[in-house]
Amino acid sequence: MIEFRGVNKWFGALHVLKDITLSVEPREVVVVCGPSGSGKSTLIRCINGLETIKDGDLVVDGQRLGDRATNMTELRTEIGFVFQAFNLYPHKTALENVTLAPIHVRKIARAEAEASGREMLAKVGLADKFNAYPSELSGGQQQRVAIARCLCMRPKIMLFDEPTSALDPEMISEVLDVMVGVAEERMTMMVVTHEMGFARKVAQRVVFMDAGAVVETGTPEEFFSDPKTDRSRAFLSKILRH
Amino acid sequence: MIWFQLQSLMGSYPLALRGLGMTIALSGISLVLGTILGFAFGVLRTSGSRLLDSAIGLWVDLIRGTPFLVQIFLIFFILPELGVELDAFTAGIIALTNLAACFICEIVAAGIRSVPTGQVEAALASGLSQWQRMRQVVLPQAMRVSLPPLVGQYVLLIKDSSVVSAIGLTDLTRVGWLVVQRVPNGLLVFAIVGIGYFAVCYPLILLARRLERRMSAAHGEVQL
Ligand SMILES: Nc1ncnc2c1ncn2[C@@H]1O[C@H](COP(=O)(O)OP(=O)(O)OP(=O)(O)O)[C@@H](O)[C@H]1O
Ligand SMILES: [Mg+2]
């Protein structure tokens with residue numbers, strides 16, 4: 001579903017992605033972790049073209065990014081992206097947020113889009129917030145709207161970039177619960193997160209990055225209880241401390 | 001004395017109305033056209049093409065850096081030399097539209113640049129086309145920042161329209177000049193001219209203030 005083959009990327013002189021080779025199978029859930037600045041965001045932002053790669057191949061849903069034949073706008077409709085900062089549209093209500101792309105991109109009739117939008121918002125536990133503006137919602141509620149906004153497009157892939165790290169602790173689990181639900185419906189997911197409970201529960205694999213390279217991959221069980229490298233051990237001891 | 005002057009002023013009221021009408025027509029048409037053009041320029045400036053950005057930027061700087069009177073003369077006297085027949089009204093509309101477009105372009109571009117990149121990324125990630133991103137996500141939020149200065153700019157442009165009297169258009173200012181030749185009381189005549197402009201501008205000034213207050217209440221979008 002997603003395949004990196006020898007992908008490199010630079011920001012000016014900074015080598016942010018170093019020879020990344022990694023693949024995500026359909027219906028697989030992969031968690032990406034690693035220290036700050038290790039390139040996790042950059043890695044998943046490449047998948048939907050928010051960042052472009054310098055060399056190597058990146059094939060998503062059978063289409064090679066950067067190819068002339070690949071229509072990026074079209075490909076993006078198949079990929080949901082959840083941001084750390086939610087990025088809801090502040091001038092639109094929750095329902096308008098989740099129906100915007102279905103109506104304008106998928107060309108679904110408004111009434112139909114609104115019906116499935118309400119259904120999706122209800123599914124993430126926001127049945128009473130259809131007409132609320134983002135500024136009237138808590139962080140956890142906003143992030144759930146953001147997830148519903150992606151799901152309303154019926155994507156094939158969902159990408160999450162630290163979806164809970166901007167949240168107050170008491171709101172983290174309500175968002176993780178929704179994400180677990182998405183995973184249980186067999187969505188292909190790539191999730192940048194340090195939430196080990198989530199990783200253990202739904203991830204098939206954990207990918208550990210450091211300084212732009214994939215240093216270790218393994219099942220959550222292997223990775224968390226028996227990390228193979230010094231760098232992953234050092235990283236885990238840091239996040240386990242709190 | 002004053003009484004006679006007032007009486008003959010009263011007699012000039014059809015002329016005054018014509019002047020007022022001219023000022024309103026000229027500003028109204030130019031502001032509508034200038035707003036459309038200014039929005040188009042503002043959107044183009046921020047569309048990511050360096051070439052377009054610097055070309056428009058240069059033009060805007062050129063217009064902002066030269067007196068409006070000079071621009072009007074250039075249009076009114078140079079274009080006919082090049083074979084373009086122009087009456088004074090058309091020349092005035094062109095000059096004022098261009099001036100308005102340049103100022104409005106900058107206001108709109110600043111508004112667009114103030115929208116956080118995360119908003120564009122979210123729209124991009126959900127597959128909205130460039131125009132849809134602009135129309136549905138960026139512009140409504142940009143308007144929140146742009147609308148109060150935009151209305152403020154309208155006021156300045158209406159006042160700038162007085163410069164077109166220099167090419168013989170009988171607007172409010174020129175009516176003042178004409179009347180003063182009959183009624184030799186410049187203070188009185190131009191006080192009335194001033195009141196005429198104020199009557200047109202004051203509602204806009206109030207609107208701008210109201211919009212500015214509304215901004216904090218709205219959810220990222222200003223409803224009129
Ligand atoms: N647009 C950019 N221009 C220049 N450098 C950038 C840009 N975006 C990221 N970087 C740099 O690239 C490196 C990797 O950034 P990235 O955001 O991918 O890391 P990350 O692993 O997601 O970190 P964090 O956990 O802090 O989110 C960092 O050193 C960062 O400073
Ligand atoms: Mg990051």
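1. Helix 2 (residues 13-45) of chain B packs against helix 7 (residues 130-160) of chain B in this predicted model. The angle between the two helices is about 140°, and their axes lie 11 Å apart. That angle makes helix 2 of chain B oblique to helix 7 of chain B, since only angles over 145 degrees count as roughly antiparallel. The crossing of helix 2 and helix 7 of chain B is right-handed.

2. The residues in this contact can be listed. Helix 2 of chain B contributes Ser27(B), Leu31(B), Thr35(B), Phe39(B) and Val43(B). Helix 7 of chain B meets them with Met134(B), Leu139(B), Met143(B), Leu150(B), Tyr154(B), Leu157(B) and Ile158(B). Sorted by class, the contact of these two helices has 10 nonpolar residues, 2 polar ones and no charged ones.

3. Chain A has an open sheet of 6 strands, in the order 6-7-8-3-9-10, with mixed pairing. Strand 6 and strand 10 (213-218) of chain A are at the edges; each has a single partner strand, so one side of each has no neighbour in the sheet. From one strand to the next, the twist averages 15°.

4. Strand 6 of chain A runs parallel to strand 7 (residues 157-161) of chain A, and 4 bridges join them. Phe81(A) has Leu159(A), in strand 7 of chain A, as its bridge partner.

5. The average pLDDT of chain A is 94, and 99% of its residues score at least 70. Strand 6 (residues 79-82) of chain A has the highest confidence in the chain, at a mean of 98, while helix 9 (residues 230-240) of chain A has the lowest, at 89.

Notes:
Residues numbered from 1 in each chain as written. Chains lettered and ligands numbered in written order. Predicted model: local features only at pLDDT ≥ 70, side-chain atom pairs only at ≥ 80, totals over all residues. Heavy atoms only, no water. pLDDT = per-residue confidence, 0-100. Axes fitted to C-alpha atoms, helices over the stretch in contact; angles between N-to-C directions. Parallel < 35°, antiparallel > 145°, perpendicular 65-115°, else oblique. Left-handed = near helix turned anticlockwise from the far one by under 90°. Contact = heavy atoms within 4.5 Å. Nonpolar A, V, L, I, M, F, W, Y, C, P; charged D, E, K, R; others polar. Pairing = 2+ DSSP bridges.
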